Amino acid sequence: MHITNENLDCCLITLFVSDVCNYKCSYCDEEHNGGMNPWPKDWTPYIDFINSVKKENKYIYLEILGGEPSVCKQN
């Protein structure tokens, strides 16, 4: 699939925040479930980045991907 953006007021963002996963789905590339990058403990850098993008774009399409959320350890 290829996503194109013809709306100049919109920014497409995909964040791969983790690769910790206890599944081995056939459709998932190993780089997305290798377990080397845990879920972030501090989301501030991500929020700051999104806020900076919001200053220049009216709309944001945001995907947060990576890992299995149910294995994310909460602080």
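Y46 has its place in helix 1, where helices (H or I, at least four residues) and strands (E, at least two) are DSSP runs numbered from the N terminus. This is a predicted model, in which local features need pLDDT of at least 70 and side-chain atom pairs count only at pLDDT 80 or more, while totals for chains, interfaces and linings use all residues. Residues are numbered from 1 along each chain as its sequence is written, and side-chain values use heavy atoms, with hydrogens and water left out. Here is a friendly tour, starting with the fold.

**Overall layout**

- The chain has 1 helix and 2 strands, and along the sequence they follow the pattern β-α-β.
- Of the 75 residues, 17% count as buried; buried means under 20% relative accessible area, exposed over 50%, and partly exposed in between, with a 1.4 Å probe and protein chains only.
- Taking contacts (heavy atoms within 4.5 Å) between residues at least 6 apart in sequence, 63% join residues at least 24 apart.
- Strand 2 covers residues 59–65 and includes Y59, which is partly exposed at a relative accessible area of 42%.
- Y59 and L12 are 47 residues apart along the chain, and their C-alpha atoms are separated by 8.8 Å.

**The aromatic cluster**

- A pair of aromatic rings is described by the distance of the centres and the angle of the planes.
- The whole structure holds 2 aromatic pairs; rings of Phe, Tyr and Trp (its six-membered ring) pair if their centres lie within 6.5 Å, with planes under 30 degrees apart counted as stacked, over 60 as edge-to-face and the rest as tilted.
- W39 and W43 have ring centres 6.4 Å apart and planes at 45°, so this pair is tilted.
- W43 and Y46 also form a tilted pair, at 5.2 Å centre to centre and 50° between the planes.
- Through these ring pairs, W39, W43 and Y46 are linked into a cluster.
- W39 is buried, with a relative accessible area of 16%, whereas W43 is partly exposed at 31% and Y46 is partly exposed at 24%.
- Not counting residues up to four places away in sequence, Y46 touches L15, V17 and P40.
- Y46 and V17 are 29 residues apart in sequence and 9.3 Å apart in space, C-alpha to C-alpha.

**The nonpolar core**

- The largest nonpolar core has 6 residues: I13, L15, V17, W39, I50 and V53; such a core is a set of buried Ala, Val, Leu, Ile, Met, Phe, Trp, Tyr and Cys residues joined through side-chain atoms within 4.5 Å.
- Strand 1 (10–16) and helix 1 (44–54) are the elements that give two or more residues to this core.
- Leaving aside neighbours within four places in sequence, W39 is in contact with V17, S18, V20, G66, G67, E68, P69 and C72.

**The largest pocket**

- About 190 Å³ of space lies in the largest pocket, its volume being the space filled by probe spheres set on grid points joined across faces, edges and corners.
- A pocket is found on a 1 Å grid over the protein atoms alone, as an open set of points where a 1.4 Å probe fits, with protein on both sides within 12 Å along at least five of seven lines; lining residues have an atom within 4 Å of a point.
- Residues lining the largest pocket include F16, C21, Y23, H32, G66, G67 and E68.
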